Amino acid sequence: MAGGNHTNSFEFLLWGLSERPEQQHILFLLFLWMYVITVAGNLLIVLAIGANKHLHTPMYFFLASLSCADILFTTTTVPKALVDIHTMRRSISYAGCLTQLYFFLTFGDMDIFLLATMAYDRFVAICHPLHYTMIMNFQRCIFMVIACWTLTNFVAMTHTFLIFRLSFCSKKTIPDFFCDLGPLMKVSCSDTQVNELVLLFLGGAVILIPFLLILVSYIQIVSAILRVPSTQGRLKAFSTCGSHLSVVALFFGTLIRAYLCPSSSSSNSMVEDTAAVVMYTVVTPLLNPFIYSLQNKDMKEALVRLFRGTVSFLRGQ
């Protein structure tokens with residue numbers, strides 16, 4: 001049995017992405033490609049915003065923060081999964097598992113809070129345009145991001161500590177390709193009632209409160225846009241929110257399927273749950289840069305300038 005003071009040699013086994021040997025090579029190449037594209041795409045977003053003074057606004061400051069969080073979020077799980085696929089060794093130490101859990105929760109929750117912050121920014125910009133620069137000043141933007149980081153660390157530390165106090169029997173197999181709250185509670189030999197209650201109330205609040213704030217913000221935004229007299233004005237206002245709405249729908253849709261939809265312990269359900277978690281942890285951060293660059297004219301122009309500047313620099317070397 002392994003608990004808070006029996007951690008030196010204890011290891012978990014990860015179920016992984018697939019048990020079929022013939023699929024391992026394809027999965028390795030697929031996840032390697034997705035990870036490289038995710039990091040490169042989000043890094044380009046950050047560099048384009050940093051290099052273009054016209055994008056030094058609260059909206060793009062929060063977008064750059066979201067891209068950084070997505071890079072860290074994906075890096076928490078995918079490199080370990082790639083190593084496991086390549087070496088065919090799916091074990092993870094107790095300390096490594098808790099560390100991965102902590103950072104996964106931190107960066108995952110950071111995405112949720114940043115999406116809510118971005119919705120508030122759009123609400124102020126569209127519903128209170130005359131007061132926008134005063135309300136969303138630089139100091140307040142910094143404070144909001146720091147507050148997001150503080151909240152996510154508090155939530156992650158709470159869940160990680162509660163997992164730390166549990167006991168685990170023998171070499172249990174975690175039914176996932178990384179350490180997450182639900183799968184860890186399933187393989188525990190201890191009473192997980194406290195963990196489940198905290199997950200229900202604290203975890204539910206982390207998902208539902210930001211989601212409701214986003215919903216209320218966009219109800220106000222849509223109401224304000226519909227009062228704009230000109231069609232061109234309405235289209236311009238909607239265009240500034242389209243990218244964010246697409247990301248919110250994709251993120252919360254996959255999040256709800258991964259964590260709020262019940263599943264059985266059958267093999268088919270495990271495959272479906274793994275697919276849902278992959279959508280939430282890997283595919284969503286992969287698609288975010290494409291959504292923002294394809295639907296946002298300013299981002300497209302900034303990326304073009306970044307590429308041109310890079311090409312000119314390389315030619316001059």
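This is a friendly walk through the structure above, from its overall layout to a few individual residues.

The model is predicted, so local features need pLDDT of at least 70 and side-chain atom pairs count only at pLDDT 80 or more, while totals for chains, interfaces and linings use all residues. Residues are numbered from 1 along each chain as its sequence is written, and side-chain values use heavy atoms, leaving out hydrogens and water.

Let's start with the layout. The chain has 10 helices and 3 strands; these are DSSP runs numbered from the N terminus, with helices (H or I) of at least four residues and strands (E) of at least two. Along the sequence, they follow the pattern β-α-α-β-α-α-α-β-α-α-α-α-α. Contact here means heavy atoms within 4.5 Å. Of the contacts in the chain with a separation of 6 or more, 80% are between residues 24 or more positions apart.

Next, look inside. Of the 317 residues in the chain, 48% are buried; buried means under 20% relative accessible area, exposed means over 50%, and partly exposed lies in between (1.4 Å probe, protein chains only). A nonpolar core is a set of buried Ala, Val, Leu, Ile, Met, Phe, Trp, Tyr and Cys residues joined through side-chain atoms within 4.5 Å. The largest one has 93 residues, and among the members that touch the most others are Phe-12, Leu-115 and Phe-252. Helix H3 (residues 94-127) gives the most to this core, with 20 residues. In soluble globular proteins, nonpolar side chains tend to be buried together.

Ser-67, in helix H2 (residues 58-87), is buried, with a relative accessible area of 3%. Leaving aside neighbours within four places in sequence, Ser-67 is in contact with Asn-42, Ile-45 and Val-46.

Now follow H2 to the loop between H2 and strand E2 (91-93), where Met-88 lies. Met-88 is exposed, with a relative accessible area of 52%. The phi of Met-88 is near 60°, a positive value in a residue other than glycine. Most residues other than glycine have a negative phi.

Arg-89 is found in the loop between H2 and E2 too, and counts as partly exposed at 48% relative accessibility. The side chains of Arg-89 and Glu-11 meet in a salt bridge (3.4 Å, N to O). This pair links distant parts of the chain, since Glu-11 sits in strand E1 (residues 11-14), 78 residues apart from Arg-89. A salt bridge is a side-chain nitrogen of Lys or Arg within 4 Å of a carboxyl oxygen of Asp or Glu, and the structure holds 4 of them.

Another salt bridge joins the side chains of Asp-84 and Lys-80 (3.0 Å, N to O). Being 4 residues apart in helix H2, Asp-84 and Lys-80 are separated by about one helical turn. Asp-84 is buried, with a relative accessible area of 7%, whereas Lys-80 counts as partly exposed at 23%. Arg-122 and Asp-121 also meet in a salt bridge through their side chains (3.0 Å, N to O). Arg-122 is buried at 9% relative accessible area, and Asp-121 is buried at 1%.
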